Amino acid sequence: MMTAIATLIVHRAGKDGPEKVSRYEVPYAPGQSVLDGLRYVRARIDPTLSMRYSCINANSCKECMILIDGTVGYACTTRLQPRDMVLAPLPNKPHLRDLVTEIAPPDERLDHALKGG
Ligand code: FES
């Protein structure tokens with residue numbers, strides 16, 4: 001029996017460096033989330049891939065928000081599909097690394113607090 005595959009095409013942004021694209025094939029099973037696929041990549045294929053998440057599947061922390069096939073969505077609630085899926089960091093936020101963007105408001109950031117802001 002052939003295992004279905006989901007292909008994650010990940011646009012990886014650097015803080016100041018150029019964007020690069022990595023392509024990962026992960027096993028697909030109905031009901032999995034895009035975050036499940038990304039976590040599989042981190043655990044078994046590429047531990048250097050950076051993404052942010054906290055609650056995993058409750059859609060409550062909102063830290064996993066990325067572009068999924070050109071639409072802003074939560075990686076933890078968007079279903080993985082057995083096809084190519086294009087993932088990218090949010091376009092309107094400062095890029096930190098790979099899929100991670102700066103999502104905290106400026107006055108809530110530690111660097112702001114350390115400066116006495
Ligand atoms: S991991 Fe918390 S909302 Fe997605």
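**Exercise 1.** State which residues of H1 are buried, and what they pack against.

*Solution.* Start with the burial criterion: a residue is buried if 20 or more other C-beta atoms, placed from the backbone, lie within 10 Å of its own. In helix H1 (34-45), a DSSP run of H or I with at least four residues, the buried residues are Val34, Leu35, Asp36, Gly37, Leu38 and Val41. Next, take contacts as C-beta pairs within 7 Å. The buried residues of H1 then pack against S1, S2, S3 and S5, where strands are DSSP E runs of at least two residues, numbered like helices from the N terminus.

The model is predicted: local features need pLDDT of at least 70 and side-chain atom pairs 80 or more, while totals for chains, interfaces and linings use all residues. Residues are numbered from 1 along each chain as its sequence is written.

**Exercise 2.** Describe how S5 is paired.

*Solution.* Pairing requires at least two DSSP bridges. Strand S1 (residues 5-14) runs parallel to S5 (residues 84-88), with 4 bridges; here isoleucine 9 stands opposite valine 86. Strand S3 (residues 65-68) runs antiparallel to S5, with 2 bridges, and leucine 67 stands opposite alanine 88.

**Exercise 3.** List the contacts of leucine 8.

*Solution.* Leave out residues up to four places away in sequence. Leucine 8 then touches Tyr24, Val26, Gly37, Leu38, Val41, Met85 and Leu87.

Methods: Two residues are in contact if their C-beta atoms, placed from the backbone, lie within 7 Å. A residue is buried if 20 or more other C-beta atoms lie within 10 Å of its own, exposed if 12 or fewer, and partly exposed in between; C-beta atoms are placed from the backbone.
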